[in-house]
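Student: I would like to learn how to read the features of a model like this one. Please take me through them in turn.

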Amino acid sequence: SSIDLLTGTWVHEKDSLATLKIKDKSWAFEYEGKVSSDDEVYDVNLTDQLPEFVRETEKAEFIILTNKTDTMYFEILGLNDKVLSLMNFPTGRLHLFNRK
């Protein structure tokens with residue numbers, strides 16, 4: 001499943017000090033190996049629809065990250081045992097991570 005493939009440590013392609021740690025539906029943004037605070041840790045929810053941003057006819061897999069103060073939305077553009085490619089909504093920014 002996607003959550004199994006997501007599990008692990010990912011390094012941002014453009015900034016090797018920026019990493020994601022994903023484990024058991026928990027998603028932590030780290031920088032230089034440090035989690036800044038609880039604000040940087042999110043619960044992961046995978047879904048095949050994101051009606052706020054994408055027509056329901058679109059077949060895709062989306063990630064919704066939530067914590068006490070924030071919600072973030074991504075589309076999984078690519079995911080395998082080496083690479084994680086995400087597009088952020090609503091900015092449209094692309095993020096590419098390599099498995100550590």
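Student: In which loop does Asp 48 lie?

Tutor: First, how the model is treated. This is a predicted model, in which local features need pLDDT of at least 70 and side-chain atom pairs count only at pLDDT 80 or more, while totals for chains, interfaces and linings use all residues. Residues are numbered from 1 along each chain as its sequence is written, and side-chain values use heavy atoms, with hydrogens and water left out. Helices (H or I, at least four residues) and strands (E, at least two) are DSSP runs numbered from the N terminus. Asp 48 lies in the loop between strand S5 (41-47) and strand S6 (61-66).

Student: Is Asp 48 buried or exposed?

Tutor: Buried means under 20% relative accessible area, exposed means over 50%, and partly exposed is in between (1.4 Å probe, protein chains only). Asp 48 has a relative accessible area of 54%, so Asp 48 is exposed.

Student: Which residues does Asp 48 touch?

Tutor: A contact means heavy atoms within 4.5 Å. Leaving aside residues up to four places away in sequence, Asp 48 touches Glu 58, Ala 60 and Phe 62.

Student: How is a pair of aromatic rings described?

Tutor: A pair of aromatic rings is described by the distance of the centres and the angle of the planes. Rings of Phe, Tyr and Trp (its six-membered ring) pair if their centres lie within 6.5 Å; planes under 30 degrees apart count as stacked, over 60 as edge-to-face and the rest as tilted. The structure holds six aromatic pairs. One of them joins Trp 27 and Phe 29, with 6.2 Å centre to centre and 55 degrees between the planes, a tilted pair.

Student: Why is the pair of Trp 27 and Phe 74 stacked?

Tutor: The ring centres of Trp 27 and Phe 74 are 6.3 Å apart and the planes are at 15 degrees, so this pair counts as stacked. Because Trp 27 lies in strand S3 and Phe 74 in strand S7, the pair ties together parts that are 47 residues apart in sequence. Both Trp 27 and Phe 74 are buried, Trp 27 with a relative accessible area of 0%. One aromatic cluster is formed by Trp 27, Phe 29, Tyr 42 and Phe 74.

Student: What is the volume of the largest pocket?

Tutor: On a 1 Å grid over the protein atoms alone, a pocket is an open set of points where a 1.4 Å probe fits, with protein on both sides within 12 Å along at least five of seven lines; lining residues have an atom within 4 Å of a point. The largest pocket has a volume of about 240 Å³. It is lined by 16 residues, and the closest to its centre are His 12, Ala 18, Leu 20, Phe 29 and Phe 97. S3 gives the most to this lining, with four residues.

Student: Where do positive phi values occur in residues other than glycine?

Tutor: Asp 24 has phi near 45 degrees, and Lys 25 has about 65 degrees.

Student: Which peptide bond is cis?

Tutor: The bond from Phe 89 to Pro 90 is cis, with omega near 0 degrees. Pro 90 is in the loop between strand S8 (83-89) and S9.

Methods:
Grid points are joined across faces, edges and corners, and a volume is the space filled by probe spheres set on the points.
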